[in-house]
Amino acid sequence: MPETQDVVELILQDHRRMEDLFRLMRSVEEDRTAALEEFADLLVAHAQAEEAKVYPALKRYKNIDDEEVEHGEHEHDEGNEALLDLLQVEEVGSEEWDEKLEALVEAVTHHADEEERTILNGARENVGAERRAELGAAFWEERERQLKSGCGSLENVRRIVKSS
């Protein structure tokens with residue numbers, strides 16, 4: 001388990017790691033393929049865990065806007081589509097790869113920013129610490145399960161996009 005179990009903090013930690021991975025994927029001096037593989041797994045595991053364990057629970061709180069939660073799910077779909085587009089590019093570092101990477105960065109950064117300002121602030125203000133820890137444990141368990149399954153593979157991302 002991580003240092004904290006607070007679901008808000010765990011989600012924020014993932015967002016910061018995604019930002020780090022974006023920097024690595026943009027750098028010609030780094031192993032961009034490895035960074036993309038880690039990013040793909042993290043993005044899919046993170047979104048699946050939020051949708052399975054966090055979002056449904058947060059919808060029960062009257063001061064957390066259901067429409068924001070549903071909008072977050074829609075933005076996960078957009079992020080998965082942008083991820084699929086990048087995973088399908090054959091040459092890492094090509095002009096096409098850079099374009100698809102920037103589209104992915106834009107989709108995920110937009111979602112993370114909105115989620116932090118709306119859903120996560122709402123959770124921090126309206127959900128007690130004990131319940132946030134319970135949600136964090138559930139989120140982490142599902143996230144880890146997804147990561148172990150190789151959830152960021154091209155085939156799985158293709159399946160997720162097709163089913164959304």
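Buried, in what follows, means under 20% relative accessible area, exposed means over 50%, and partly exposed is in between, with a 1.4 Å probe and protein chains only. By that rule His76 counts as buried, because its relative accessibility is 6%.

A word on the source. This is a predicted model, in which local features need pLDDT of at least 70 and side-chain atom pairs count only at pLDDT 80 or more, while totals for chains, interfaces and linings use all residues. Residues are numbered from 1 along each chain as its sequence is written, and side-chain values use heavy atoms, with hydrogens and water left out.

I'll stay with His76 for a moment. His76 sits in helix α3; helices here are DSSP runs (H or I, at least four residues; strands would be E, at least two), numbered from the N terminus. What does His76 touch, not counting residues up to four places away in sequence? The list is Ala47, Glu50, Glu51, Tyr55, His111 and Glu115, where contact means heavy atoms within 4.5 Å. With Glu51, the separation is 25 residues in sequence and 9.1 Å in space, C-alpha to C-alpha.

A cavity is a set of points on a 1 Å grid, over the protein atoms alone, where a 1.4 Å probe fits but cannot get out; a pocket is an open set with protein on both sides within 12 Å along at least five of seven lines; and lining residues have an atom within 4 Å of a point. Points are joined across faces, edges and corners, and the volume is the space filled by probe spheres set on them.

There are two cavities of 30 Å³ or more. For the classes, Ala, Val, Leu, Ile, Met, Phe, Trp, Tyr, Cys and Pro are nonpolar, Asp, Glu, Lys and Arg are charged, and the others, Gly among them, are polar.

The second largest cavity holds about 40 Å³ of space. Its lining is Glu68, His71, Gly72, Glu75, His111, Glu114, Glu115, Thr118 and Ile119. Which helix gives the most to this lining? That is α4, with five residues. Here the classes come out as one nonpolar, four polar and four charged.

Next, the open space. The largest pocket has a volume of about 170 Å³. Its lining residues include Thr33, Leu36, Glu37, Trp97 and Leu154. Helix α2 supplies the largest share, three residues. Seven nonpolar, three polar and one charged residues make up the pocket lining.

Now the packing. In soluble globular proteins, nonpolar side chains tend to be buried together. A nonpolar core, as used here, is a set of buried Ala, Val, Leu, Ile, Met, Phe, Trp, Tyr and Cys residues joined through side-chain atoms within 4.5 Å. The largest has 27 residues, and Phe22, Met25, Phe39, Leu83 and Leu104 have the most contacts inside it. Helices α1, α2, α3, α4 and α6 (154–163) each give two or more residues to this core. The most come from α2, with eight residues. Apart from this core lies another, of 19 residues, among them Ile11, Ala57, Ala123 and Phe139.

Phe22 is in helix α1 and Phe39 in helix α2, 17 residues apart, and the pair links distant parts of the chain. Phe22 is buried at 4% relative accessible area, and Phe39 is buried at 0%.

Last, Val44, in helix α2. Val44 is buried, with a relative accessible area of 1%. Leaving aside neighbours within four places in sequence, Val44 contacts Asn80, Leu83, Cys151, Gly152, Asn156, Val157 and Ile160. Val44 and Asn156 are 112 residues apart in sequence, yet 9.2 Å apart in space, C-alpha to C-alpha.
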